[in-house]
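Please look over the structure below, and then read the notes on its strands, helices and loops.

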Amino acid sequence: MRAPVCPATRHTGALAVLWQGPPALRAVYGQVKRERMGEYVDVGGVHTWYDSVGAGQPLLLLHGGLVSNTMWGEVTVALGRHFHVLAPERRAHGHTPDVPGPITYDAMAEDTIGFMESIECGPADLVGWSDGAVVALLVALRRPDLVRQLVVYGGLVDVSANLPAMGYLVAEPPDSPALEEFRTRYAAQSPDGAEHWPTVWGKVAHLWKTEPHIALTELHRVRAHTLVMAGDDDLVRLEHVVAMYEAIPDCELAVLPGASHAAHLDKPELFDRILLDFLLKEPVPTMLPIRRAQAGAPTPA
C-alpha cells in the first residue's frame with residue numbers, strides 16, 4: 001500500500017512533472033524555440049511579444065497563466081503545418097513586460113482584441129489553454145466577428161470550479177520551492193527581470209483566487225463553433241467542463257483519458273489529433289443525435 005501524501009506535497013510534485021516533461025518533449029521545445037520569429041507590437045500600452053509560425057488561415061494560440069509560448073511544445077509545430085499561428089504573450093508573461101495595475105481576465109481579453117486589430121488577423125481560430133481559454137471565451141463573447149472557431153482547453157467560467165489543488169498553489173509565497181520553475185523561467189524571459197517576480201506572482205495569485213465570474217447563461221451568446229477540452233484529471237471540476245459544453249450552442253466536448261491540466265504534454269499525439277480534427281474538418285452528421293438534434297430544432301414562437 002502506498003504511503004499517504006499530503007495535498008501540498010502532491011501538488012508540488014505535479015508542478016515538477018509539468019515543467020520537466022519527458023526528454024523527447026524537451027527536445028521539441030528546443031525545436032520550437034529555434035523556428036520562432038518573435039517580435040513586438042504595442043497594444044494599448046502593452047509592449048506585446050508574439051511568435052509567428054506557418055502560413056494560411058490565422059490561428060491565435062493563447063498560453064496558460066504564468067507560462068509562455070514555449071509551454072505549447074509540439075502543438076505549435078503541429079498547428080504551424082496548417083495555419084498561420086500567432087501566439088501573443090500576455091502582459092507580465094514571457095517576453096511581454098508587466099504594466100501598472102492588476103492582472104485581470106477583462107484586461108487580458110481587451111489586450112487580445114487590441115492585438116488582433118493591430119495586426120489585422122481576424123476572423124481567426126482561437127485556441128486557449130487555462131487562463132488563455134478564459135481569455136479566448138471573453139473575446140468570443142465580446143467580439144464574435146473576430147472568432148471563426150474556438151477551442152476552450154482546461155478553462156472555466158467561475159473560480160469556484162477549481163479543485164483544491166489550485167488553493168494550495170495560490171497560498172504559496174513567491175519564494176516557495178513549489179514555484180521554482182515558474183520563477184526561474186520568468187527570470188530568464190521577462191524584460192522586467194527576476195526582481196519583479198514577487199509583484200507578478202502577487203497579481204496572478206490574486207487573479208486565481210478571485211476570478212473569473214462569467215455566468216453559464218452568458219455562454220449561449222458564443223456563436224463560434226467550439227470545442228471544450230479537458231483532461232480527466234484536470235484542475236477544473238469535470239461537471240463544470242460538461243456544463244460549459246452544454247451551455248455553448250454549437251459545441252463539441254473532448255475529455256482526454258489519463259491526462260491532466262497539461263493534456264497536450266501528457267498525451268501530445270492524442271491531443272493534436274483531436275485538436276486538428278476539430279479545426280480542419282467539418283462536423284459530421286451523427287447517427288443518433290440527441291443534444292444536437294435539440295440544438296437544431298426550430299425555436300418555439
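**Briefing on the predicted model**

Leucine 60 stands opposite leucine 126 in strand 5, where strands, like helices, are DSSP runs numbered from the N terminus (E and at least two residues for strands, H or I and at least four residues for helices). This is a predicted model, in which local features need pLDDT of at least 70, side-chain atom pairs count only at pLDDT 80 or more, and totals for chains, interfaces and linings use all residues. Residues are numbered from 1 along each chain as its sequence is written, and side-chain values use heavy atoms, with hydrogens and water left out.

**The sheet**

- Strand 3 (residues 58-62) and strand 5 (residues 124-129) run parallel and are joined by four bridges; two strands pair if DSSP finds at least two bridges between them.
- Eight strands make up an open sheet with mixed pairing, and their order is 1-2-4-3-5-6-7-8.
- Strand 1 (39-43) and strand 8 (251-260) stand at the edges with a single partner strand each, so one side of each has no neighbour in the sheet.
- On average, neighbouring strands of this sheet are turned by 25 degrees against each other, direction ignored, with axes taken as lines fitted to C-alpha atoms (for helices over the stretch in contact) and angles running from 0 to 180 degrees between N-to-C directions.

**Helices and overall packing**

- The secondary structure of the protein comes to twelve helices and eight strands.
- Helix 4 (residues 105-119) lies across strands 1, 2 (46-53), 3, 4 (84-89) and 5, and runs at about 110 degrees to strand 1.
- Of the contacts (heavy atoms within 4.5 Å) in the protein with a separation of 6 or more, 77% are between residues 24 or more positions apart.
- Among the 301 residues of the protein, 51% count as buried, a term that means under 20% relative accessible area, with exposed meaning over 50% and partly exposed in between (1.4 Å probe, protein chains only).

**Backbone features in the loops**

- Glycine 122 and proline 123 are joined by a cis peptide bond with omega of about -5 degrees, and proline 123 is found in the loop between helix 4 and strand 5.
- Another cis peptide bond, with omega of about 0 degrees, joins glutamate 211 and proline 212, the latter lying in the loop between helix 8 (197-210) and strand 7 (225-233).
- Leucine 66 has a positive phi of about 65 degrees although it is not a glycine; leucine 66 lies in the loop between strand 3 and helix 3 (74-80) and is buried, with a relative accessible area of 10%.
- Serine 130, in the loop between strand 5 and helix 5 (131-142), is not a glycine either, yet has a positive phi of about 60 degrees, and serine 130 is buried with a relative accessible area of 15%.
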